[in-house]
Amino acid sequence: MTASTPPPAYRLTDEQRALRDAVRELARERVAPRAAEIDRTAEFPWDLRDLLAGQDVLALPFPEAYGGLGADLLTTCLAIEELSAACATTGLILAVHELASLPIIHAGTDEQKARWLPDLAAGRALIAFALTEAGAGSDAGAIATRAVRDGGTYVLDGSKRFISHGSVADRVVVFAVTDPAADRHRNLSCFVVEASAPGFSVGGLSHKKDIRGSPTAELIFDGVRVPVADRLGAEGEGFAIAMKTFERSRPGIAAQAVGIAQGALDVAAHYATERVQFGRPIGDQQMVQALLADMDAATEAARALLYTACAAIEAGEGDPGRWAALCKLVAGDAAMRVTTDAVQVLGGYGYLEEFPVERMMRDAKITQLYEGTQQIQRIVVARSLLASHR
Ligand SMILES: Cc1cc2nc3c(=O)[nH]c(=O)nc-3n(C[C@H](O)[C@H](O)[C@H](O)COP(=O)(O)OP(=O)(O)OC[C@H]3O[C@@H](n4cnc5c(N)ncnc54)[C@H](O)[C@@H]3O)c2cc1C
């Protein structure tokens, strides 16, 4: 299939609709009432982690053989979307859990999967994904953290930045250089590091304006010994494992973006029916209607692309990297625009903490940055597009 071949159609199954509706109810009743407090206190919501674990939401992306629900990509994205409409931090709990577990699911041996996945599927353990460093953001090839083989172990030295859940995770998937002389896409290997390992520490947390309940940590590796048995895949496969992971995790960020956009649209549309100026609801004003209509169109377009991308990736049709980048690009930009317009619909009140849209606007921004900035998504799409036309 080339980039211009019509994509596969998606149609939500009865099971997917039931799951979506159940998570929506959970999000509205249990998550939404906590969202403002999580944002204000900037504390990781352990109660909601427990809720998602108890309701088997965290089990969605894991194979049934290891205690998971074996959900397909679209089903997991539906759950992230619904949670994020109420609270982006809570949606990210599932998104990061999936992101950091994917390297084990894809590249782990049966023994490694049996060792790590059941705890993760049950939500008893949390896991983080540590690729980024101070000098290696968009350019993962610039990673400097070293892993040096010493008999039956590797010794890891270096540090990682911006690691979601880095301070609350029980274990971390870490990418480190094993062969500095190798080509930049063949020099990395991937390891699972226990947070209890001597030499591992959390250097500090970043103070940020968005997804404030999600701790973003600096991680330090000071002579951390990792058994060879805890390396995922072969030496030199780290970069490929990271890229394969993004093919399934970027749709999760697109789902977070669609959820944030929908949450903001719902607040704005409701407000427009109640706020009266010039003797009638502002929703009667055509310019406000135009704002709302454009917000609705952008959200639905992003959602349709996301679901199509999930169907294509799951069916193995076309370039999965292109689909993942396309939907994250479109959904991230839609979320930023829709949430900004939601603040506009609420006028000055949109800027106050008593309404959730200013929080949603702050949260939307991160979807344009992490798991590859929007510029990086464009590079991925353009490369795939051009390759299919050569
Ligand atoms: C809240 C938060 C959570 C995060 N969670 C994680 C996590 O869990 N795990 C993890 O590993 N990382 C995580 N990250 C890191 C995130 O993925 C990086 O911040 C992101 O990849 C960008 O890297 P950078 O910040 O170093 O920006 P840079 O790479 O320095 O980019 C700066 C600017 O230059 C642009 N740019 C760079 N290269 C190019 C190019 N070739 N062409 C065009 N434009 C370019 C970028 O698009 C951007 O606009 C997180 C970041 C944040 C803020």
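Good morning. By class, the shell around the ligand holds nine nonpolar, seven polar and two charged residues; here Ala, Val, Leu, Ile, Met, Phe, Trp, Tyr, Cys and Pro count as nonpolar, Asp, Glu, Lys and Arg as charged, and the others, Gly among them, as polar. This is a predicted model, in which local features need pLDDT of at least 70 and side-chain atom pairs pLDDT 80 or more, while totals for chains, interfaces and linings use all residues. Residues are numbered from 1 along each chain as its sequence is written, and side-chain values use heavy atoms, without hydrogens and water.

In total, 18 residues surround the ligand (a heavy atom within 4 Å). The closest are Phe129, Thr132, Ser138, Phe162 and Thr373. Strand S3 (153–164) and helix H10 (374–388) each supply at least two shell residues, with the largest share, three residues, coming from S3. Both elements are DSSP runs (helices H or I, at least four residues; strands E, at least two).

I turn to polar contacts, that is, pairs of N or O atoms within 3.5 Å. A polar backbone atom of Phe129 is 2.7 Å from a nitrogen atom of the ligand. For Phe162, a backbone N or O atom lies 2.8 Å from a ligand nitrogen. Ser164 places a polar side-chain atom 2.8 Å from a nitrogen atom of the ligand. Taken alone, the ligand exposes 980 Å², of which the protein buries 65% (Shrake-Rupley method, 1.4 Å probe).

Notes: Polar contact = N/O pair within 3.5 Å; in protein donor to acceptor, adjacent residues only side chain to side chain.
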